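Student: I want to learn how to read a structure like this one. Can we go through some features one at a time?

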Amino acid sequence: LDPGSAAGWSNLGLALVRLGRPGEALPALREAVRRNPDDLACATLAAWVAATHPDAAVRSGAEAVGWAD
């Protein structure tokens with residue numbers, strides 16, 4: 001994984017979500033969105049994970065709304 005690649009971070013996050021590990025996916029998705037804020041698919045996935053995570057310590061409605069804007 002190239003640590004400078006937004007696509008790499010996005011793909012890692014997506015893979016972790018698909019594996020049922022959204023809590024681990026969220027940091028990767030955050031990094032992907034930080035590196036490429038124009039990637040709407042990644043921002044949407046990050047927002048969904050942040051808004052719907054079952055663990056309140058991970059869930060962040062405010063963060064999700066920020067990505068949805």
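Student: Which residue forms a salt bridge with Glu31, the closest N and O atoms being 2.7 Å apart?

Tutor: A salt bridge is a side-chain nitrogen of Lys or Arg within 4 Å of a carboxyl oxygen of Asp or Glu. Here Glu31 pairs with Arg34, and their closest N and O atoms are 2.7 Å apart. This is a predicted model: local features need pLDDT of at least 70, side-chain atom pairs count only at pLDDT 80 or more, and totals for chains, interfaces and linings use all residues. Residues are numbered from 1 along each chain as its sequence is written, and side-chain values use heavy atoms, with hydrogens and water left out.

Student: How are Glu31 and Arg34 separated in helix 2?

Tutor: Helices are DSSP runs (H or I, at least four residues), numbered from the N terminus. Glu31 and Arg34 are three residues apart in helix 2, so about one helical turn separates them. Glu31 also meets Arg35 in a salt bridge (2.7 Å, N to O). That pair is four residues apart in helix 2, about one turn.

Student: Is Glu31 buried or exposed?

Tutor: Buried means under 20% relative accessible area, exposed over 50%, partly exposed in between (1.4 Å probe, protein chains only). Glu31 is buried at 17%. Arg34 is exposed at 56%, and Arg35 is partly exposed at 37%.

Student: How many salt bridges does the structure hold?

Tutor: Four. One of them joins Arg21 to Glu24, with the closest N and O atoms 2.9 Å apart. Arg21 is partly exposed at 36%. Glu24 is partly exposed too, at 45%.

Student: Where does His53 lie?

Tutor: In the loop between helix 3 and helix 4. His53 is buried, with a relative accessible area of 10%. Contact means heavy atoms within 4.5 Å. Leaving aside neighbours within four places in sequence, His53 is in contact with Pro22, Gly23, Val58 and Arg59. The His53 side chain reaches the backbone nitrogen of Gly23 at 3.4 Å.

Student: What do the buried residues of helix 3 pack against?

Tutor: Helix 1 (6-18), helix 2 (22-35) and helix 4 (61-68). The buried residues of helix 3 include Cys42, Leu45 and Val49. At the start of helix 3, a side-chain oxygen of Asp39 comes to within 3.3 Å of the backbone nitrogen of Ala41.

Note on methods: Helix = DSSP H or I, 4+ residues; strand = E, 2+ residues; numbered from the N terminus. Polar contact = N/O pair within 3.5 Å; in protein donor to acceptor, adjacent residues only side chain to side chain.
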